[in-house]
Structures are given as C-alpha cells and as structure tokens.
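Student: I have a structure open and would like to go through it with you. Could we begin with a single residue and work outwards?

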Amino acid sequence: MNVQIFIPCFIDQLYPSVGFNMVKVLEKAGCNVSYNTNQTCCGQAGFNAGFWGESKDVCKKFLKDFSGNDYIVGPSASCVGFVKNYYEKLFENTIQQAEVEDIKKRIYEFSDFLVNVLHYTDFNASFNATATYHDSCAALRECHIKQEPRTLLKNVKGLQLVEMNDVETCCGFGGSFAVKFEPISIAMADQKITNAIETNAEYIISTDMSCLMHIDGCIKNKQVNLKVLHLADVLANF
C-alpha cells in the first residue's frame, strides 16, 4: 500500500524522531512510504487564532501537496482532525469542495490507520516499563479515537499500561490557550501529572506530541520522575 506521510510543523522542528519512527512502523506493516518535501502546515494554527483568510491560503497548499489517491497518515490527531473537520467549513461553496471531500476520506491519524485500515496491531515491539495513556481532546472528539492506541500498546511486550483517573480530561495545552490563559493551563497540566504519578507510571504515552510537549514542560518545572513518549516511539522498539 502506498502511503504519504504528513509531518506537522512542531514534529518537524522539535520532535523529528517521532516522524522517523512512524515511517519505521508503517514500513514494517508493509507500506510504501513517501514524503513530499514541499509540505508545510495544515493551517490549524492560523485558523485557531482567528486568521481564517491566511489559514485558507495554507490549506489550499495542503490540498495541492497531498493530491492524488494515496492514504495520508500523520502522527497528530490534532492536525488530522483539523483537516477532517474544519476544511469543509473553510471551503464551503468553493471549487475546492470536491478536493476537501476526497482528502477527508484519505487522511488518518497514525493509530487509527494501523488498526482500522491496515488491521495490523502487533509489531513484536518490546518496552519494559510501566506507562499510562493520555487521551488528547483532538483524538477523542475530532478523530473519535479511544481504543486504537490501547490495542496497539497492549501488544507491546514488557509494557504495563495503567489507566489514570480523569483520563479524558484536557491537559491544558490547547495551542494558544496555554499562552493566553497560562495559570489555568498550568493547573490543568499539574492535575494530569498528579493523576499519572498516582499510577506509579514511568511514562505518559499519547498520540499527540503537542499535548506531551506541554505536559513535559510542566514535568520538568515540577522536577518529577516522569517521561513522555509518542505512540510511534514505543511501537518502533522492535
């Protein structure tokens, strides 16, 4: 199967290893992976900040960069969810409507693609640790992902997965929300970290590196013994 990978801005700039590990896992699942170096942003940042006109220009480029028939897979439910759910609003009554409907059918978050398209859930990965899983708001509400990451993690040898309290509660990131409402954002992350620590987990795992970036910043500020990992990083340990 031919797959185009979509690498969000912050993954490209801050966590490139997540992208490389996603490719490693997809190739083990038998995919022919390609990366269009012309790709940039999906447009979510501008859209969420209220700059719909500027965002629309970026989104037009995204539609062009990912034209074709291949599946599109990204390691971020937030970015994938934006394309799936908000492009339709941006391009309502425009000539791009057909392109939007097409791309919505082809773009998938990483775990969703592995489980529901490839039906590949065991990569013979091993990771000897205790971890807890964080459900991102985007994964739950935008991509309707809940069991897929857990199904994949349960097949990782040596990994003990323990659910934390209030697992579906927001971590407090929310992009610009963390900047505009810093005290609320930090308090929400602190609660998430407290819930994770109570499970005796060594790691917090998620599908969204944006959430983990925020949580990790608060972990370092609190100086607690906890680390964060993207799902792709765990599955690539084979």
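**Backbone, helices and sheets**

Tutor: His119 counts as exposed, because its relative accessibility is 62%. Please keep in mind that this is a predicted model.

Student: Where does His119 sit?

Tutor: His119 belongs to the loop that links helix H7 (110-116) to strand S5 (126-133). Its phi is positive, at about 55°, although His119 is not a glycine.

Student: What sheet does S7 belong to?

Tutor: S7 is part of an open sheet of four strands with parallel pairing, in the order S6-S5-S7-S8. S6 and S8 form the edges and have a single partner strand each, so one side of each lacks a neighbour in the sheet. From one strand to the next, the twist averages 40°.

Student: How many bridges does S7 make with S5, and how many with S8?

Tutor: S5 and S7 run parallel and are joined by three bridges. Thr132 is the residue opposite Ile204 of S7. On the S8 side (residues 227-230), S7 pairs in the parallel sense over four bridges. There, Ile205 has Leu229 of S8 as its bridge partner.

Student: Which helix lies across S7 and S8?

Tutor: That is H12, which runs at about 170° to S8. H12 (residues 209-222) also meets H11: their axes come within 9 Å and cross at roughly 80°. The two helices are therefore roughly perpendicular.

Student: Which residues make the contact of H11 and H12?

Tutor: H11 contributes Ser185, Ala189, Asp190, Lys192 and Ile193, while H12 contributes His214, Ile215, Cys218, Ile219 and Lys222. By class, the residues of this contact are five nonpolar, two polar and three charged.

Student: And H9, which of its residues are buried?

Tutor: In H9 (residues 147-154), the buried residues are Glu148, Pro149, Arg150, Leu152 and Leu153. Among the elements that cover them are H7, S5, strand S6 (157-161), S7 and helix H13 (231-235).

Student: Let us change topic. What is the strand order of the sheet that contains S1?

Tutor: The order is S2-S1-S3-S4, in an open sheet of four strands with parallel pairing. Strand S2 (32-34) and strand S4 (107-109) are at the edges with a single partner strand each, so one side of each has no neighbour in the sheet. Neighbouring strands here are turned by 35° against each other on average, direction ignored.

Student: How do S3 and S4 pair?

Tutor: Strand S3 (residues 71-74) pairs with S4 in the parallel sense, over three bridges.

Student: Which strands does H2 lie across?

Tutor: Helix H2 (residues 16-28) lies across strand S1 (2-5), S2 and S3, and runs at about 170° to S1.

Student: Then H6. Which of its residues are buried?

Tutor: Val100, Ile103, Lys104 and Arg106 are buried in helix H6 (residues 97-106). Viewed down the axis of H6, the buried residues fall within an arc of 165°, so they line one face of the helix.

Student: Why can residues that are spaced out along a helix point the same way?

Tutor: Because an α-helix has 3.6 residues a turn, residues three or four places apart point the same way.

Student: What covers the buried residues of H6, and what does the face turned away from them carry?

Tutor: The cover includes S1, helix H4 (52-65), S3, helix H5 (77-90) and S4. The face of H6 turned away from its buried side carries Ala98 and Lys105, which are exposed.

Key: Residues numbered from 1 in each chain as written. Predicted model: local features only at pLDDT ≥ 70, side-chain atom pairs only at ≥ 80, totals over all residues. Heavy atoms only, no water. Pairing = 2+ DSSP bridges. Axes fitted to C-alpha atoms, helices over the stretch in contact; angles between N-to-C directions. Contact = heavy atoms within 4.5 Å. Buried < 20%, exposed > 50% of the residue type's maximum accessible area, 1.4 Å probe, protein only. Arc of directions from axis to C-beta. Parallel < 35°, antiparallel > 145°, perpendicular 65-115°, else oblique. Nonpolar A, V, L, I, M, F, W, Y, C, P; charged D, E, K, R; others polar.
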